[in-house]
Amino acid sequence: MKNCEYQQIDARALGTPASSFQPCTEMKVPRLRRKWEVFPGKNRFYCDGRIILARQSGILPLTLGLIVVTSVLFFAFDCPFLVTHLTVCIPVIGGVLFLFVVISLLQTSLTDPGILPRALPDEAADIEKQIYTSGSSMYRPPPRTKEILINQQVVKLKYCFTCKMFRPPRTSHCSLCDNCVERFDHHCPWVGNCVGKRNYRFFYSFIVSLSFHTSFIFGCVVTHLTLRTYEVILLHQKESPARYPFHIICFFSIWSVLGLSGFHTYLVASNLTTNEDIKGSWSSKRGAEDSGNPYTYNSIFINCCATLCGPMPPSLIDRRGFLPPDDIPPVAAADLELSSFLAKNDTNMVGMPSSGHTS
């Protein structure tokens with residue numbers, strides 16, 4: 001009579017270490033991903049999400065290069081002459097202004113401008129349900145606006161089809177960055193970022209400090225040329241004007257920078273944004289019921305303090321936070337299931353039965 005015996009196969013007898021089957025089970029845990037890695041907007045992140053830039057940030061190096069080159073030429077050609085004939089304070093003042101300009105520019109470019117996170121699927125479905133519930137059967141499609149009162153004035157909130165939410169007051173969707181930005185002012189290609197609620201103070205300090213820096217260099221250049229011309233006439237020295245090529249750049253840039261600083265000073269004093277001013281949102285030309293800025297404090301000093309000196313609001317996108325396990329992308333989930341399947345097959349192969357024949 002033949003008896004069937006089932007024997008456990010020893011992994012050591014096969015010449016394969018038992019530990020070789022462990023890596024398949026260790027691969028089941030996927031790598032935790034940060035939120036910036038799956039961010040839906042058109043932004044670039046660096047230093048593990050600590051730095052955020054717009055995708056079209058190619059003009060930022062040009063801006064930084066113009067500032068650095070102009071300043072270096074000033075320190076190399078004008079400062080030695082002015083230190084000898086006037087005072088040593090000139091390069092010190094120029095250096096302080098230069099550092100302030102560069103720091104303000106980098107803060108504007110690398111700071112979250114106030115991006116609002118997009119609505120989650122459950123939130124978007126709830127908003128859609130509210131929209132269709134509020135609409136009447138005689139009106140299709142239902143209205144995509146809401147009306148709220150701010151300082152006894154009606155303000156309309158528009159629905160964003162990309163972010164699936166009603167935009168808060170003074171919020172606009174940037175088509176270049178593909179984000180809704182709180183207190184959106186404008187998208188500035190020179191700084192490579194949107195200008196909004198969280199970085200407007202840095203942008204304003206950048207253009208104001210750049211105005212002072214450019215004016216200071218221009219004044220020193222004029223003084224240098226005046227003293228040099230006096231020496232040429234009095235001492236009959238020969239001097240070639242070709243050694244001052246950056247004077248022309250400084251002359252033409254000072255007027256545009258001063259004009260931009262003056263315009264934004266007016267906006268700060270009125271508590272307006274560039275977007276609101278261009279659209280004429282609170283202009284009296286739109287009618288009596290739409291006229292008047294509901295956000296102004298009717299005081300230039302208070303408007304300036306509220307815009308520039310208020311507390312820095314926190315970033316809402318939490319770009320360095322980790323994704324919850326439920327939000328694992330489909331590809332990662334499929335890899336996880338495949339690893340589990342392979343691990344089970346390996347375990348079954350080790351424990352499979354074997355039959356023997358005995359007489």
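Which residues have the most contacts inside the largest nonpolar core? The legends below start there; the model is a predicted one.

**View 1. The largest nonpolar core, with its 24 residues.** Look for Ile67, Leu105, Val191, Tyr200, Phe203, Phe206 and Leu210, the residues with the most contacts inside this core. Four helices each supply at least two of its residues: H2 (59–85), H3 (89–110), H5 (200–235) and H6 (246–270). H5 gives the most, with six residues.

**View 2. Around valine 191.** Setting aside neighbours within four places in sequence, Val191 touches Leu60, Leu105, Thr108, Ser109, Phe203 and Phe206. Apart from the core of the previous view sits another one, made of eleven residues, including Ala119, Ala124, Met165 and Cys180.

View 3. A helix has 3.6 residues a turn, so residues three or four places apart point the same way.

**View 4. Spans listed by UniProt as "transmembrane region".** The unreviewed entry gives residues 59–77, 83–106, 202–226 and 246–269. In the model, residues 59–77 are 100% helix and 0% strand, with end C-alpha atoms 27 Å apart. Residues 202–226 are also 100% helix and 0% strand, and here the end C-alpha atoms lie 36 Å apart.

**View 5. A three-stranded open sheet.** The strands run in the order S3-S8-S7, and the pairing is antiparallel. S3 (115–116) and S7 (172–174) stand at the edges with a single partner strand each, so one side of each has no neighbour in the sheet. Three bridges join S7 to S8 (residues 179–181). Across that pair, cysteine 174 stands opposite asparagine 179.

**View 6. Two cysteines without a disulfide partner.** How many disulfides does the model have? The count is zero, taking a disulfide as a pair of cysteine sulfur atoms within 2.5 Å. For cysteine 174, the nearest cysteine sulfur is that of cysteine 194, 3.4 Å away. Cysteine 174 is buried, with a relative accessible area of 4%. Now take cysteine 309: the closest cysteine sulfur, in cysteine 305, is 4.9 Å from its own, too far for a bond. Cysteine 309 is exposed, at 60% relative accessible area.

Terms used. Residues numbered from 1 in each chain as written. Predicted model: local features only at pLDDT ≥ 70, side-chain atom pairs only at ≥ 80, totals over all residues. Heavy atoms only, no water. Pairing = 2+ DSSP bridges. Core = buried A, V, L, I, M, F, W, Y, C linked by side-chain atoms within 4.5 Å. Buried < 20%, exposed > 50% of the residue type's maximum accessible area, 1.4 Å probe, protein only. Contact = heavy atoms within 4.5 Å. UniProt positions renumbered as here; feature names shortened; annotations may be inferred.
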